[in-house]
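Have the structure open while you go through them.

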Amino acid sequence: MYNTTVARLTYRGLLGRRRALILFALPALLLLIAVAVRLLTGVDDQIASSVLSGFALATMVPLIGVIAGTGAIGPEIDDGSIVYLLSKPVRRPSIVVTKLIVAFGVSLCFAALPTLVAGVVLNGNGQQIAVAYAVSAAVASMAYSAVFLLLGTVTRHAVVAGLVYALVWEALIGSLVPGARTLSVQQWGLAIGQRIAGGDLVSSDVGLPLAAVLLTAVTAAATWYAGQKLRGLTLATEE
């Protein structure tokens with residue numbers, strides 16, 4: 001299902017455009033905040049958890065997901081170059097899966113890994129906080145990548161829609177409104193991080209079994225539907 005040619009073109013599109021500046025800027029900002037907080041407050045597990053939860057998981061991870069997910073396919077659809085890719089003897093599900101893997105890989109590098117490093121800077125991975133939040137970021141990134149990749153196939157305003165979701169739902173409503181947290185990818189990821197940390201420093205309003213089911217279901221459903229939309233795009237182009 002993985003196509004190396006599609007992957008190479010997708011990586012080139014993601015990392016060779018202006019969006020790459022944002023991909024580098026967000027992790028750099030997180031690390032700068034982590035260094036500043038460590039210098040000002042020293043080692044404090046509660047502050048470390050607040051920084052990683054409030055900025056890394058609630059803001060940086062979904063924003064990276066928007067950039068990676070929509071950027072993996074949206075620009076090709078917007079400029080029409082997707083037609084040339086679809087004309088090649090490559091199965092449509094293979095295109096979607098490959099682009100999802102690329103988007104996920106980019107999210108791991110620019111979201112999960114910086115979260116781990118920031119956690120180590122903040123408290124040296126005390127209470128397993130750094131690892132817990134890094135794993136939360138990784139599993140959430142997979143769902144974000146699938147959802148935002150799907151958005152890239154259904155609307156030309158995928159970036160705007162993704163930003164609204166990331167900034168309004170995940171960073172604001174999903175963090176503050178108890179009833180909405182069940183439908184928050186951030187909370188699903190934190191449920192896994194909570195199990196790793198084993199204490200109260202990493203918490204989620206969603207139980208681990210439900211979180212695992214929702215993460216798997218949303219990722220699978222979004223990936224499948226993106227493949228269907230891509231198949232429909234081929235038919236529309238041929239017409």
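**Notes on the model**

1. Starting with a contact list: leaving out residues up to four places away in sequence, Ala 72 touches Thr 10, Leu 14, Lys 99, Ala 103 and Leu 149 (contact means heavy atoms within 4.5 Å). Ala 72 sits in the loop between helix H3 (45-71) and helix H4 (74-79). Its relative accessibility is 2%, so Ala 72 counts as buried (buried is under 20% relative accessible area, exposed over 50%, partly exposed in between, with a 1.4 Å probe and protein chains only). Leu 21 is 51 residues from Ala 72 along the chain, and their C-alpha atoms are separated by 16 Å.

2. A word on what we're looking at. This is a predicted model, where local features need pLDDT of at least 70 and side-chain atom pairs count only at pLDDT 80 or more, while totals for chains, interfaces and linings use all residues. Residues are numbered from 1 along each chain as its sequence is written, and side-chain values use heavy atoms, with hydrogens and water left out.

3. The overall fold: there are 10 helices and zero strands in the protein, so the order from the N terminus is α-α-α-α-α-α-α-α-α-α (helices are DSSP runs of H or I with at least four residues, strands are E runs of at least two, numbered from the N terminus). The radius of gyration is 18 Å, close to the 18 Å that the globule rule gives for 239 residues, so the protein is as compact as a globular protein of that length (the radius is taken over C-alpha atoms, and the rule is 2.2 Å times the number of residues to the power 0.38). Along its principal axes, the C-alpha trace spans about 60 × 35 × 30 Å.

4. Packing and surface. Of the 239 residues, 49% are buried. Take the contacts between residues at least 6 apart in sequence: 76% of them join residues at least 24 apart. The protein exposes about 10,800 Å², with carbon and sulfur atoms supplying 67% of that (areas are from the Shrake-Rupley method with a 1.4 Å probe, and for residues only the protein chains shown count as cover).

5. Charges: the 15 positive and 10 negative charges have mean positions 11 Å apart. Lys and Arg count as positive and Asp and Glu as negative, with His and the chain ends not counted; each charge is placed at NZ of Lys, CZ of Arg, CG of Asp or CD of Glu.

6. Now H2 (residues 19-41). Its 23 residues reach 33 Å from first C-alpha to last, close to the 33 Å expected at 1.5 Å a residue (the expected span is 1.5 Å times one less than the number of residues). The buried residues in H2 are Arg 19, Ala 20, Leu 23, Leu 26, Pro 27, Leu 30, Ala 34 and Val 37. An α-helix has 3.6 residues a turn, so residues three or four places apart point the same way. Just after H2, Gly 42 has a positive phi of about 75 degrees.

7. Have a look at Pro 27, which is in helix H2. With 7% relative accessibility, Pro 27 counts as buried. Beyond residues up to four places away in sequence, Pro 27 touches Ile 22, Met 60, Phe 110 and Pro 114. Val 61 is 34 residues from Pro 27 in sequence and 9.4 Å from it in space, C-alpha to C-alpha.

8. Not counting residues up to four places away, Ser 94 touches Met 1, Tyr 2 and Asn 3.

9. On to the H6–H7 loop and H7. Asn 125 lies in that loop with phi near 70 degrees, positive in a residue other than glycine. Gln 127 is found in the loop between H6 and H7 too, and has a positive phi of about 60 degrees although it is not a glycine. Helix H7 (residues 129-154) has 26 residues that should span 38 Å at 1.5 Å a residue, and its end C-alpha atoms are 37 Å apart, which agrees. H7 is mostly covered, with 20 of its 26 residues buried.
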